[in-house]
Amino acid sequence: MTVKAKHLHPLALVIFLVEEVKTWWVLLLLCVANQLWWWLVAAVCVGVFFIVSRYATLTYTISADEIMIKQGLFNKQQLHLTYPKIQTFQTKQWFFMKPFQLVSLKIETSAHVDNQADASLPIISLKEVHELEQLKQNARSEINDQPMSPTNAVHRDDEVKQQYQIKWRDLNLYAVTSFSMVPILLGISVVYNRLDDILPKHYLTQLVSRFSQQTETVIIFDIVFVILLAVVISYLLIIQRYYHFKIVQHGTQLTTNKGFFQTSRVTVRLNRIQSVVYIQSWLRQLLHLTTVQALVAANASDDEKSGGVVIMPVVQSKDVQQQMHAFIDWLPIQDVTGKSRWRANARGRWALIRNRLLIAALICVPICVFLRPFGLLSLIVLPVAWSLGIYTGKKTEIGVTGEKILVAQVGRLFGKKRYYMPKKNIQSMQLSQSILMRQTGLVHLVIRLRSGNTELSIKIRYLPEQDAKAVYAWYRQAYLQ
């Protein structure tokens with residue numbers, strides 16, 4: 001056990017350097033492009049000073065009761081994290097750390113209030129991480145008045161109950177059906193629009209001159225090439241991110257491992273899972289594929305949305321409920337029956353269609369007026385909006401299964417999310433109704449859950465009032481009994 005304060009491994013200097021480059025890469029690129037060498041040298045010197053200062057002032061101490069972290073050159077900070085308060089340890093391991101058995105560690109506690117970890121150690125040995133996990137487990141056992149010997153602790157935490165490892169076929173399907181190429185294309189367009197800020201004028205003039213001399217066929221070929229390049233980049237990024245994805249249930253917690261260049265390990269306690277979400281884009285619906293995500297009451301996010309941990313990247317829809325029940329036993333194996341399911345009626349479905357048509361009209365009318373005659377092409381948005389309203393009305397529903405699990409499904413952009421929420425994890429439920437909705441007998445039902453360190457609101461729109469009140473009465477039973 002570490003008793004005295006320790007500095008990080010010298011490899012931390014490399015990590016600090018990468019972080020600084022990621023922060024200031026635009027400034028460095030501008031200096032190089034405009035040949036501002038003195039500014040570049042000054043920026044490098046300042047960066048090296050802060051990197052070395054950060055390494056020299058960051059120390060940590062592991063004791064029997066807490067982990068203490070000291071950092072800061074001008075603004076000194078001293079963190080004391082006691083083990084009973086620690087919720088999760090998250091580790092990431094770049095490929096160059098593996099030979100040294102080192103990882104990056106994030107620590108989060110029950111007092112966490114924002115989207116950042118309470119503390120992080122950019123470099124720490126795997127041996128020390130295992131030591132911290134054991135100390136946390138022993139501290140929890142003492143609080144529960146359940147003394148646990150080291151042998152029993154290992155048996156409880158390391159006993160493998162269920163495990164799943166993604167197959168190459170499933171990983172390829174997940175990568176191919178992803179729409180992550182869209183943000184890549186947006187990033188390329190942003191860089192293209194900022195070329196005049198990045199490149200010197202004479203380089204930019206030559207580039208524009210060469211592009212203007214190209215034929216229409218060559219320009220189309222260039223556009224297709226950029227799209228294909230975005231698809232390939234998206235595919236490779238997903239393959240790298242979920243390479244050898246594996247989830248293991250041992251004891252009372254789930255642990256996910258994934259990644260090629262950077263191996264990420266996230267551990268989630270089962271009692272911290274607030275809801276399980278089955279996610280399908282329109283493409284994955286056609287292929288009968290589902291992605292499963294857990295919403296956790298801690299920022300155990302694995303670089304998805306805050307509080308969201310991917311449990312299974314892709315699984316056949318017909319098998320998803322049975323496979324997930326093996327890992328999380330409160331999830332139902334059978335779907336919600338028709339008697340316990342509520343959807344929007346004809347008036348509610350029309351309200352969903354009307355709202356989308358109004359938004360589409362606000363977009364189309366100015367385009368048709370100011371950009372005619374080509375602006376008339378924007379009218380194609382109207383049938384798309386109509387179809388989206390019909391789809392949302394069909395896919396949005398809410399129901400109860402097993403008397404203790406609320407199931408809410410929301411349709412959006414021809415995709416859908418299906419939430420499974422134990423009654424005890426629902427933070428609040430609210431009925432909202434505008435003046436116009438009172439005349440039609442429709443109600444919005446708002447369900448609030450804890451997701452990460454924030455609140456997630458799930459809104460089921462335009463339910464018949466009696467159905468919404470039936471769900472609300474089911475929720476209130478927990479407090480009336």
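Predicted model: local features only at pLDDT ≥ 70, side-chain atom pairs only at ≥ 80, totals over all residues.
**Exercise 1. Is Tyr243 buried, partly exposed or exposed, and why?**

Residues are numbered from 1 along each chain as its sequence is written, and side-chain values use heavy atoms, with hydrogens and water left out.

Solution. Begin with the cut-offs: buried means under 20% relative accessible area, exposed means over 50%, and partly exposed lies in between (1.4 Å probe, protein chains only). Tyr243 has a relative accessible area of 21%, and therefore it is partly exposed.

**Exercise 2. Describe the ring pair that Trp168 and Tyr243 form.**

Solution. A pair of aromatic rings is described by the distance of the centres and the angle of the planes. Rings of Phe, Tyr and Trp (its six-membered ring) pair if their centres lie within 6.5 Å, and planes under 30 degrees apart count as stacked, over 60 as edge-to-face and the rest as tilted. By this rule the count comes to 11 aromatic pairs. For Trp168 and Tyr243 the centres are 5.9 Å apart and the planes stand at 65 degrees, an edge-to-face pair. The two residues are 75 residues apart and link distant parts of the chain, with Trp168 in helix 5 (residues 168–176) and Tyr243 in the loop between helix 9 (216–241) and strand 9 (246–250); helices (H or I, at least four residues) and strands (E, at least two) are DSSP runs, numbered from the N terminus. Trp168 counts as partly exposed because its relative accessibility is 48%. Both rings belong to one aromatic cluster, formed by Phe95, Phe96, Trp168, Tyr243, Phe260 and Phe261.

**Exercise 3. Work out the surroundings of Leu331.**

Solution. First locate Leu331, which lies in the loop between helix 11 (320–327) and strand 15 (341–343). Next, its relative accessibility is 1%, so Leu331 counts as buried. Then list its contacts (heavy atoms within 4.5 Å): leaving aside neighbours within four places in sequence, Leu331 touches Val276, Tyr278, Met324, His325 and Tyr420. One of these, Met324, is buried in helix 11, as are Val320, Gln321 and Phe327. Seen down the axis of helix 11, the buried residues fall within an arc of 120 degrees, so they line one face of the helix; the arc is that of the directions from the helix axis to the C-beta atoms. Finally, the C-alpha atoms of Leu331 and Pro422 are separated by 8.9 Å, although these residues are 91 residues apart along the chain.

**Exercise 4. Which residues line the largest cavity?**

Solution. On a 1 Å grid over the protein atoms alone, a cavity is a set of points where a 1.4 Å probe fits but cannot get out, and lining residues have an atom within 4 Å of a point. A volume is the space filled by probe spheres set on the points, which are joined across faces, edges and corners. The search of the whole structure finds 1 cavity of 30 Å³ or more, and about 40 Å³ of space lies in the largest cavity. Its lining consists of Leu254, Thr256, Val268, Ile273, Ala294, Val296, Val309 and Ile311. Strand 10 (253–258), strand 13 (289–296) and strand 14 (308–316) each supply at least two residues of that lining.

How values were computed:
1 Å grid on protein atoms, 1.4 Å probe; cavity = no way out; pocket = protein on both sides within 12 Å on 5 of 7 lines; lining within 4 Å.
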